[in-house]
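Please examine the sequence and the structure shown below.

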There are 2 protein chains.
Amino acid sequence: MKFEVTILGSSSATPIFNRNPTSQVLNINERLYLIDCGEGTQQQMLRFDIKASRIDHIFISHLHGDHYLGLVGLLSSMHLNGRKKALKLVCPVQLKEIIDLQLRYSDTELQFPVEYIFTNAQQSEVVISNSDVIVETIPLDHRIACTGFLFKEKKRLRKLVKEKIESLDIPVAYYSVLKKGGDYTDEKGKVYKNEELTIDSAEPKTYAYCSDTMYNENYFGQIANATLLYHEATFLNDMLDRAVITHHTTALQAGEIALKTNAKKLLIGHFSARYKTLNELLDEAKINFPSTELAIEGKTFFIE
Amino acid sequence: MKFEVTILGSSSATPIFNRNPTSQVLNINERLYLIDCGEGTQQQMLRFDIKASRIDHIFISHLHGDHYLGLVGLLSSMHLNGRKKALKLVCPVQLKEIIDLQLRYSDTELQFPVEYIFTNAQQSEVVISNSDVIVETIPLDHRIACTGFLFKEKKRLRKLVKEKIESLDIPVAYYSVLKKGGDYTDEKGKVYKNEELTIDSAEPKTYAYCSDTMYNENYFGQIANATLLYHEATFLNDMLDRAVITHHTTALQAGEIALKTNAKKLLIGHFSARYKTLNELLDEAKINFPSTELAIEGKTFFIE
């Protein structure tokens, strides 16, 4: 099953010439999930050939402008391009008021339904569950209410061992029972244990999106063992004081968090505009966690 | 006196890969005036090296998103970059409510004052007047309340004829009187008429910004004889029906308007995303008005 994330923006609050504010698009089994939508996200989607019509879920972490100011423009474009199918919008409750006000004053009534699912920054909740994925909010520690998002693949059914099935000539009607873990009893009453006939499917993979937040161990348990951990790394650690005041994380801390939570791989982003190049941030994160990569715009990372 | 306009965005409602939504920056005597601020304007400013700190006036024509969705991001960046000096914001009254709501939910109190000047789409009013320029609103005909803006250079003082002044040995104390049109009386009581000693300054130049609007002769009188007329030209004339329904103008009509209002030069923009290239729009406008140019992003047009 495809499970990958493409970076559309990796800048923090003020944009810099070659970096856009935060946005990412997850592809899970060919369904697209947009996470945050900073100003210019729809232009980035055009640039990287991401079709807005394929996005049915949008997640907004918090109401600092660099995480949502591209949303009303994107919704308007979806509307103008004839969208009819529903869109699920997972976000803080106040965002509905902002969107409604802007649509009202532009005299726009969207031609597609928006189904709001409001986040609660005080406690984790399941906000989306479908055949591919379960998404939970991650309460983070920022200046205003902010939640990350944990995408957990649904556990797949067990896989049939083809040779066994064929040699026993098991009827097709039994396959779904076997995939769900049931045993097989043949016509003579002989029982074959499920473990002989199937193998377990791969462990579900997880993508943990943590932006914006300061270092706070409260959410470490929830993101433990992430297949891919995206964590903000706004500053180098020589600006730790500034990171604490503004409720952000340093690259050194991001590496430490990946290490402590046993992530398989770390992706850092949300870089301050003061850093014209990013190698120092990467090197600093790697001190604690060598398997780190930079969230470069346009780049796709496989969650595997 | 410098009087020029640089195009930051020329797309209509839905952005297209290589065109941003509407925004322009006027440079009048080294003061910058931003007109409209579509999504991504601050990124365009970075791209074309326009310093946000030099902008003290912003004009918003109307509340369709492609004309203002970049504004809150720009204000936030000004704030984060330490701006303290006041900003004049000329806009529909409802924009203040939108901005206040977004700032409130991001827990941001701007560190600089915003002085609002609200437009009235029913009648033309002077909204800015300083030593360089007078700016009037132009009531346009769009689906929602919309005003264009007419920038009129202030008439400069008369110019002294150096040779005359020197040959008569006129004291410096008289210069300002002469520049304002007064006569000179020498010590013996002889009167020298102002016309002998000075020449008139150049005729004030004007820039008329008309977006968004359908063809409507009501505003033709106000924009007459513009040095440079910017007019929207969303569609080719084979889509005139669509232009009428959506309250936009065709390129053919834009040329006709420039002709009828005796513009010196026409600049067309606000192109529909359906046009991948723009030459057909340019050719069509030129049928009525040969002195037409395309509002290409990053290009500067001298108003002379």
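How much space lies in the second largest pocket? The space in the second largest pocket is about 870 Å³. A pocket here is an open set of points on a 1 Å grid over the protein atoms alone, where a 1.4 Å probe fits, with protein on both sides within 12 Å along at least five of seven lines; lining residues have an atom within 4 Å of a point. The volume is the space filled by probe spheres set on the points, which are joined across faces, edges and corners. The model is predicted, so that local features need pLDDT of at least 70 and side-chain atom pairs count only at pLDDT 80 or more, while totals for chains, interfaces and linings use all residues. Residues are numbered from 1 along each chain as its sequence is written, chains are lettered from A and ligands numbered from 1 in the order in which they are written, and side-chain values use heavy atoms, without hydrogens and water.

The lining of this pocket comprises 41 residues, of which A13(A), T14(A), R143(A), H79(B) and L80(B) are the closest to the centre. Two or more lining residues come from each of α7 (240–245) of chain A and α1 (41–47), α2 (71–80) and α3 (94–105) of chain B. Helices (H or I, at least four residues) and strands (E, at least two) are DSSP runs, numbered from the N terminus. The greatest contribution, six residues, is that of α2(B).

An unreviewed UniProt entry places the feature "binding site" at D66(A), H67(A), D212(A) and H270(A); such annotations may be inferred rather than shown by experiment. These residues span 205 residues in sequence, yet no two of their C-alpha atoms are more than 10.6 Å apart, so they gather at one spot. Among them, D66(A), D212(A) and H270(A) belong to the lining of the second largest pocket.

H67(A) is found in the loop between β4 (55–59) and α2 (71–80) of chain A. Is H67(A) buried or exposed? With 0% relative accessibility, H67(A) counts as buried, a term for under 20% relative accessible area (1.4 Å probe, protein chains only). Its contacts (heavy atoms within 4.5 Å) beyond four places in sequence include D212(A) and H270(A). H270(A) is likewise buried, at 1%, and its side chain makes a polar contact with that of D66(A) at 3.3 Å. A polar contact is a pair of N or O atoms within 3.5 Å; within protein, one must be able to donate a hydrogen and the other to accept it, and residues adjacent in sequence count only if both atoms are side-chain atoms.

Finally, N27(A) lies in strand β2 (residues 23–28) of chain A, and its side chain reaches the backbone nitrogen of E30(A) at 2.8 Å.

Definitions and conventions:
Buried < 20%, exposed > 50% of the residue type's maximum accessible area, 1.4 Å probe, protein only.
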